[in-house]
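Please keep the sequence and the structure in view while reading.

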Amino acid sequence: MSKLTIVANITANADKIELVKAELLKLVPITRAEEGCINYDLHQDNENPAHFTFYENWESRELWQTHMNAPHLAAYMEATDGAVAEFILNEMSHID
């Protein structure tokens, strides 16, 4: 198994920043307790408060896929439906 790094960029609609932030924060403790989660760190841009980034490391892609299918992710998607302007996810590998 090789470690997987995820960088997820979420941009909230301007009128939904606090809603998206609250829903993202709910994911943190649940996800950190999941099997395979090495770290799951949420950041908010200092200049653009609508922009959030998750920096995540997982023991394997398979365990990350389990996370992506978890009920709390589905609940987040439902709660933020129509509130997110953009979502970009990058699967990355550590090379040094």
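The structure is a predicted model. In the UniProt record, an unreviewed entry, the feature "domain: ABM" is placed at residues 4–92.

**Helix H2**
- Within H2, the residues Leu-63, Trp-64 and His-67 are buried, and because they fall within an arc of 100 degrees when seen down the helix axis, they line one face of H2.
- Glu-62 and Thr-66, by contrast, are exposed on the other side of H2.
- The partners against which the buried residues of H2 pack are E1, H1, E2, E3, H3 and E4.

**Helix H3**
- In helix H3, which spans residues 71–79, the buried residues are His-72, Leu-73 and Tyr-76; these cover an arc of only 105 degrees around the axis, which puts them on the same side of H3.
- The face of H3 that is turned away from this buried side carries Pro-71, Met-77 and Glu-78, which are exposed.
- Among the elements that cover the buried residues of H3 are strand E1 (4–12), helix H1 (17–32), helix H2 (61–68) and strand E4 (84–92).

**Nonpolar core**
- The largest nonpolar core has 20 residues, and those with the most contacts inside it are Ile-10, Val-20, Leu-24 and Phe-54.
- At least two residues of this core come from each of E1, H1, strand E2 (37–44), strand E3 (51–58) and H3.
- Leaving aside residues up to four places away in sequence, Val-20 touches Ile-10, Ala-12, Phe-52, Tyr-76, Thr-80, Ala-83 and Val-84.

**Ile-30 in helix H1**
- Ile-30 lies in helix H1, and it counts as partly exposed because its relative accessibility is 41%, which falls between the 20% limit for buried and the 50% limit for exposed.
- Although Ile-30 and Leu-73 are 43 residues apart in sequence, their C-alpha atoms are 9.9 Å apart in space.

**Largest pocket**
- The largest pocket holds about 330 Å³ of space, and the elements that each give two or more residues to its lining are E1, H1, E3, H2, H3 and E4.
- Its lining is made up of 21 residues, of which Ile-10, Leu-73, Tyr-76, Met-77 and Phe-87 lie nearest the centre of the pocket.
- Of these, Leu-73 and Tyr-76 are also among the buried residues of H3, while Met-77 is one of the exposed residues on the face of H3 turned away from its buried side.

Technical notes: Residues are numbered from 1 along each chain as its sequence is written. This is a predicted model: local features need pLDDT of at least 70, side-chain atom pairs count only at pLDDT 80 or more; totals for chains, interfaces and linings use all residues. Side-chain values use heavy atoms; hydrogens and water are left out. Buried means under 20% relative accessible area, exposed over 50%, partly exposed in between (1.4 Å probe, protein chains only). Helices (H or I, at least four residues) and strands (E, at least two) are DSSP runs, numbered from the N terminus. The arc is that of the directions from the helix axis to the C-beta atoms. Contact means heavy atoms within 4.5 Å. UniProt positions are given in the numbering used here, feature names are shortened, and annotations may be inferred rather than shown by experiment. A nonpolar core is a set of buried Ala, Val, Leu, Ile, Met, Phe, Trp, Tyr and Cys residues joined through side-chain atoms within 4.5 Å. On a 1 Å grid over the protein atoms alone, a cavity is a set of points where a 1.4 Å probe fits but cannot get out, and a pocket is an open set with protein on both sides within 12 Å along at least five of seven lines; lining residues have an atom within 4 Å of a point. Grid points are joined across faces, edges and corners, and a volume is the space filled by probe spheres set on the points.
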